[in-house]
Amino acid sequence: MGLKLGDIAPDFEQDSSIGRIRFHEWLGNSWGVLFSHPADFTPVCTTELGFTAKLKDEFDKRDVKAIALSVDAADSHVEWIKDINKTQNTQVNFPILADEDRKVSDLYDLIHPNANDTLTVRSLFVIDPNKKVRLTITYPASTGRNFNEILRVIDSLQLTDSHKVATPANWQDGDEVVIVPSLKDETEIAQRFPKGYRAVKPYLRLTPQPNR
């Protein structure tokens, strides 16, 4: 069985492009994005790692640490990083785990025999400061990840953790949000949402984003 939302992300100790990493210790009190790649020197993943490096400021604003994984060795990662930096016009600024023994791949259920019985699938996990898995996405090898969507989900998770709201379809930071149906007390609603709300239906109440 794979990891489910709300599960504790498994801890591990593994080599990486920047040396040995103890995952929970490395993550500390930050949010994390752990994403896997089937092998080094693969074209789609080269673009993804380059784009991730360019998102450093966006990740820093959200207190997010990125960490990648590939089943090749750390020395191979270092050579791949040279290619990434050159072809994507950036500097990789996060570690790539060297999962030669498939230890982390097994912990995170990244080997899917129907896809490939030796290489990892391209899964991504968002992990919160309590080390809980909050998002999982698995992509086919032919489709590059949408990192704007990953940032959007992190924005939603951080907002909804702090306020009694949910985010509607296609929500972007700054849009209206939904007051959770469990919140019934009008006095509390007025305190939490001083800008008011509009009730489309009794169960669908929209309010301006409360942290804006």
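The structure is a predicted model, in which local features need pLDDT of at least 70 and side-chain atom pairs count only at pLDDT 80 or more, while totals for chains, interfaces and linings use all residues. Residues are numbered from 1 along each chain as its sequence is written, and side-chain values use heavy atoms, with hydrogens and water left out. The protein chain contains seven helices and 11 strands, where helices (H or I, at least four residues) and strands (E, at least two) are DSSP runs numbered from the N terminus.

**Overall build**

- Taken along the principal axes, the box filled by the C-alpha atoms of the protein chain is roughly 60 × 40 × 30 Å.
- Of the 212 residues in the protein chain, 46% are buried; here buried means under 20% relative accessible area, exposed means over 50%, and partly exposed lies in between, using a 1.4 Å probe and protein chains only.
- Among the contacts in the protein chain with a separation of 6 or more, 65% are between residues 24 or more positions apart, a contact being heavy atoms within 4.5 Å.
- The protein chain has an accessible surface of about 10,900 Å², and carbon and sulfur atoms account for 49% of that surface; accessible areas come from the Shrake-Rupley method with a 1.4 Å probe, and for residues only the protein chains shown count as cover.

**Charge on the surface**

- The protein chain carries 26 positive and 31 negative side chains, and the centres of these two sets are 7 Å apart.
- In this count Lys and Arg are positive and Asp and Glu are negative, with His and the chain ends not counted, and the place of a charge is taken as NZ of Lys, CZ of Arg, CG of Asp or CD of Glu.
- A patch of negative charge on the surface brings together Asp75, Glu100, Asp101, Asp106 and Asp109; patches are made of residues with over 30% relative accessible area and no salt bridge, where like charges are joined within 9 Å and nonpolar side chains (Val, Leu, Ile, Met, Phe, Trp, Tyr) within 5 Å.
- Asp109, another member of the patch, sits in the loop between α5 (103-107) and β6 (122-127) and is partly exposed, with a relative accessible area of 34%.

**Salt bridges**

- The structure holds 17 salt bridges, a salt bridge being a side-chain nitrogen of Lys or Arg within 4 Å of a carboxyl oxygen of Asp or Glu.
- In one of them, the side chains of Lys82 and Glu79 meet with an N to O distance of 3.1 Å, and because these two residues are three residues apart in helix α4, they are separated by about one helical turn.
- Both partners are partly exposed, with relative accessible areas of 49% for Lys82 and 39% for Glu79.
- Another salt bridge joins the side chains of Lys164 and Glu188, at 3.5 Å from N to O.
- This pair links distant parts of the chain, with Lys164 in the loop between α6 (147-162) and β8 (165-166) and Glu188 in helix α7 (residues 186-192), 24 residues apart.
- Lys164 is partly exposed at 36% relative accessible area, and Glu188 is partly exposed at 23%.
- Glu188 also forms a salt bridge with Arg192, where the closest N and O atoms are 2.7 Å apart; being four residues apart in helix α7, Glu188 and Arg192 are separated by about one helical turn.

**Backbone angles and the end of helix α4**

- Most residues other than glycine have a negative phi.
- Asn89, although not a glycine, has a positive phi of about 55 degrees; Asn89 is found in the loop between α4 and β5 (96-98) and is exposed, with a relative accessible area of 69%.
- Asp109 is also not a glycine and has a positive phi, near 55 degrees.
- Gln88 lies in helix α4 and counts as buried because its relative accessibility is 19%.
- Leaving aside residues up to four places away in sequence, Gln88 touches Thr46, Thr47, Gly50, Lys54 and Asp83.
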